[in-house]
Amino acid sequence: MSDKRTDLINALRAAGVTSSPVRRQDIANANVSLGKSASVPAWILGDDSRRAGRGLFHLPEVTGSTFAPAVAAPVAAPVAAPAPRPAPAAPSLPTADAVLALTAGESDSLVPQKISTYIPFGHYADLERIVQSGMFYPAFVTGLSGNGKTTMIDQICAKLGRELFRVNITALTDEDDLLGGMRLIDGDMAWVDGPVVAAMKRGAVLLLDEIDLASHAIMCLQPVLEGKGVFLKKTGQWVRPAAGFQVFATANTKGQGDDTGKFVATNVLNEAFLDRFPVCVEQEYPDKATERKIVTKVMEGLGCLDRDFAKRLVDWADTIRTCYREGGVDEIVTTRRVVNICTAFAVFGDRMKAIRMGVTRFDASTQEAFITMYEKIDATATPEEDTE
């Protein structure tokens, strides 16, 4: 057996794994203890004869036996062990791999993909520094919709190769959704870690998206936000966060509710809960120069680059935002909507058509006002003719 394989077997034994088959999570944890990624090594994952079921692998080496690939009959390594698997100190429930459950068995990792057209702005550098530090420093990110709060955190993790567990919070999100619970898997009931517990065990980044929609049930995360770990009442286990674990929360408000009518169903969050976030950063829309870079890159990616249209589109969006801040209009054009207009331009090849498609969600008077604003900015634009 090679040195790398010997090191993994020794790490498993040191963690108390003394019988086979071995759970995927135990193997991943042992790999992490060796300074490697939280995954199953290729020499195990690529050997079909080592698979003992969903999330289980034959590793008789931990018992001192030698592994012999099965030919026709199922591998008898567990039966051949001289003694039954030692019982844990407290009764435990069958468990299933949380990441495989979250990805429907398609992936062992939740590292986001890089977006080729992404342009960093706002508090990107600050949040990146927090993740790089390895220190536990939860951050609450607030700001109006469509200004890149969630994408910013997603792309920081993509750049740094960090796993991201994104949980979209609603008023119905409860402890079972967050920490885990019993699930029916292959006809048997098994415990499945929730995204919060899975992120803690893997030392990943946890993103609580739209947290101001949460009910009082979110208070189950109090100990998690203190960095001390959490007790799982249904399994009797105490879970401590692995090194690198980090928590971010995003919201359109600061957890004080909304009286503008723009963000319906947002709640006033418990002050003790909010106080466990050491910092709250406010994400603004990008300045004109940055947004022009974003629009230009998006157009290049869509194969419809028009630098003049990009400039006028950004000027138009900035004018509307200025009017919104001054109370001149009740609606706003977000960076997300500007990007959507670029997509419409790539589809239809017409500036005014793209603008009209981009403002259809607003009421008739607002649509007319926004279109008129653009026509004043872009004298070359002419209303498209409707054709049958």
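How many helices and strands does the protein have? The protein has 16 helices and 13 strands, where helices (H or I, at least four residues) and strands (E, at least two) are DSSP runs numbered from the N terminus. The model is predicted, so local features need pLDDT of at least 70 and side-chain atom pairs count only at pLDDT 80 or more, while totals for chains, interfaces and linings use all residues. Residues are numbered from 1 along each chain as its sequence is written, and side-chain values use heavy atoms, with hydrogens and water left out.

**Overall figures**

- Of the 388 residues, 45% count as buried; buried means under 20% relative accessible area, exposed over 50%, and partly exposed in between, with a 1.4 Å probe and protein chains only.
- Taking contacts between residues at least 6 apart in sequence, 69% join residues at least 24 apart; contact means heavy atoms within 4.5 Å.

**Helix H13 and its surroundings**

- Helix H13 covers residues 307-325, which is 19 residues. From its first C-alpha to its last, H13 reaches 27 Å, close to the 27 Å expected at 1.5 Å a residue; the expected span is 1.5 Å times one less than the number of residues.
- The buried residues of H13 are Phe 309, Ala 310, Leu 313, Val 314, Asp 315, Trp 316, Ala 317, Ile 320 and Arg 321.
- Those buried residues pack against four helices: H12 (288-302), H14 (335-348), H15 (351-358) and H16 (364-377).
- Gly 327 follows H13 and has a positive phi, near 85°.

**Helix pairs**

- Two packed helices are described by the angle between their axes and the distance between the axes. Axes are lines fitted to C-alpha atoms, for helices over the stretch in contact, and angles run from 0 to 180 degrees between N-to-C directions.
- The axes of H15 and H16 come within 10 Å and cross at roughly 150°. H15 is therefore roughly antiparallel to H16; angles under 35 degrees count as roughly parallel, over 145 as roughly antiparallel, 65 to 115 as roughly perpendicular and the rest as oblique.
- H15 passes H16 in a right-handed crossing. A crossing is left-handed if the near helix is turned anticlockwise from the far one by less than a right angle, and right-handed if clockwise.
- On the H15 side, Arg 351, Met 352, Ile 355 and Arg 356 meet Ile 371, Tyr 374 and Glu 375 in H16.
- The axes of H1 and H2 (residues 24-33) come within 9 Å and cross at roughly 110°, which means that H1 is roughly perpendicular to H2.
- H1 contributes Leu 8, Ala 11 and Leu 12 to this contact, and H2 contributes Asp 26, Ile 27, Ala 30, Asn 31 and Ser 33.

**Pro 21 and Leu 59**

- Ser 20 and Pro 21 are joined by a cis peptide bond with omega about 10°. Pro 21 lies in the loop between helix H1 (3-14) and strand S1 (22-23).
- Leu 59 lies in the loop between strand S3 (56-57) and helix H4 (77-80). Its relative accessible area is 0%, so Leu 59 is buried.
- Leu 59 and Pro 21 are 38 residues apart along the chain, and their C-alpha atoms are separated by 5.9 Å.
- Leaving aside residues up to four places away in sequence, Leu 59 touches Ile 9, Leu 12, Ser 20, Val 22, Ile 27, Trp 43, Ile 44 and Arg 50.

**Glu 128**

- Glu 128 lies in helix H6 (residues 124-133) and counts as buried because its relative accessibility is 10%.
- Not counting residues up to four places away in sequence, Glu 128 touches Ile 156, Lys 159 and Leu 160.

**Positive phi in non-glycine residues**

- Asp 186 is not a glycine, yet its phi is positive, about 55°. Asp 186 sits in the loop between strand S7 (180-185) and strand S8 (188-193) and counts as exposed because its relative accessibility is 62%.
- Glu 210, also not a glycine, has a positive phi of about 55°. Glu 210 is in the loop between strand S9 (205-209) and helix H10 (222-225), and its relative accessible area of 27% makes Glu 210 partly exposed.
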